[in-house]
Amino acid sequence: MKTIKFIIHFFLRVSIAFTLMMIMSCSQAHEHVADAVNPQDSASMMTSYGVNTLISDSGVIKYRIVTERWDVNTVKNPSRWEFMKGIFFEQFDELLHVQAYIQADTAWYYDQQKLWKLRGRVNIRNVNGVVYSSEELYWDGLRHEFYSTEFSRLITPDRTIEGSYFRSDESMSHYMVTNSKGSFLASDMSGASSDISTQQDSTSSADTIFVRPAVVKHAATK
């Protein structure tokens, strides 16, 4: 009989102790806080898929963008649009006539600086029969010009030029290529100046903006 009473008292004490432990654990709230998000790992403010849209400037439609994925990230410094799945442009004049086609495997647009960085199989073809190709090209929306410090090839109806530095207006009617080689007309060589000053930069990181080179006069094609 004493053994039975001992067993009953033992289980009662264990039950009471377990109940008290449960009450105490429930009364202590635990706050679950996630790790801080680093700016480099910040999610995009907007991600769009299957984009086909028109872009305007000062109320005038300038070009069409077609891309598989478009990310807008305003947290990174500088803020940017990212096109990691490739991009295709149609460039228009004031009458919405297509003036040029531009494509690249990857692109970044730094919206505060109005500066495009195009990477990987960059190709441009315009209505004047000019074809340009390179692995990297910058498109300055403030100065309305292209430039690159990578190997570039420019093909016009009259000639083919290759060089390590390229700079041109948006229509590619005035351009210069340094350290160049290719085929030229004899008339192109008469009176041509070889004293061309350029500014080179080896930057290739997508997170670093290429510094705009100093303003120089474009070398005319004619």
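Reader: Which residue stands opposite I155 in β11?
Author: This is a predicted model. Strand β10 covers residues 152–155, and strand β11 covers residues 160–163. The two strands pair in the antiparallel sense over 4 bridges. In β11, the residue opposite I155 is T160.

Reader: How many residues are between β10 and β11 in their hairpin?
Author: I155 belongs to β10, which spans residues 152–155. β11 spans residues 160–163. The number of residues between them in the hairpin is 4.

Reader: Is D71 buried or exposed?
Author: D71 lies in strand β2, residues 60–73. Its relative accessible area is 4%. Buried means under 20%, so D71 counts as buried.

Reader: Which side chain does a polar contact of 2.8 Å join to that of D71?
Author: D71 is a buried residue. Its side chain still has a polar partner, at 2.8 Å. That partner is R69.

Reader: Why is Q113 called partly exposed?
Author: Q113 is found in the loop between β6 (106–110) and β7 (115–126). Buried means under 20% and exposed means over 50%, with partly exposed in between. Q113 falls in between because its relative accessible area is 24%.

Reader: What separates the C-alpha atoms of Q113 and D140?
Author: Along the chain, Q113 and D140 are 27 residues apart.

Reader: Which residues touch the most other members of the largest nonpolar core?
Author: This core has 29 residues. One of the residues asked for is W116, whose contacts include Y63, F83 and W139.

Technical notes:
Residues are numbered from 1 along each chain as its sequence is written. This is a predicted model: local features need pLDDT of at least 70, side-chain atom pairs count only at pLDDT 80 or more; totals for chains, interfaces and linings use all residues. Side-chain values use heavy atoms; hydrogens and water are left out. A nonpolar core is a set of buried Ala, Val, Leu, Ile, Met, Phe, Trp, Tyr and Cys residues joined through side-chain atoms within 4.5 Å. Buried means under 20% relative accessible area, exposed over 50%, partly exposed in between (1.4 Å probe, protein chains only). Contact means heavy atoms within 4.5 Å. Two strands pair if DSSP finds at least two bridges between them. A polar contact is a pair of N or O atoms within 3.5 Å; within protein, one must be able to donate a hydrogen and the other to accept it, and residues adjacent in sequence count only if both atoms are side-chain atoms. Lists of a residue's contacts leave out its neighbours within four places in sequence.
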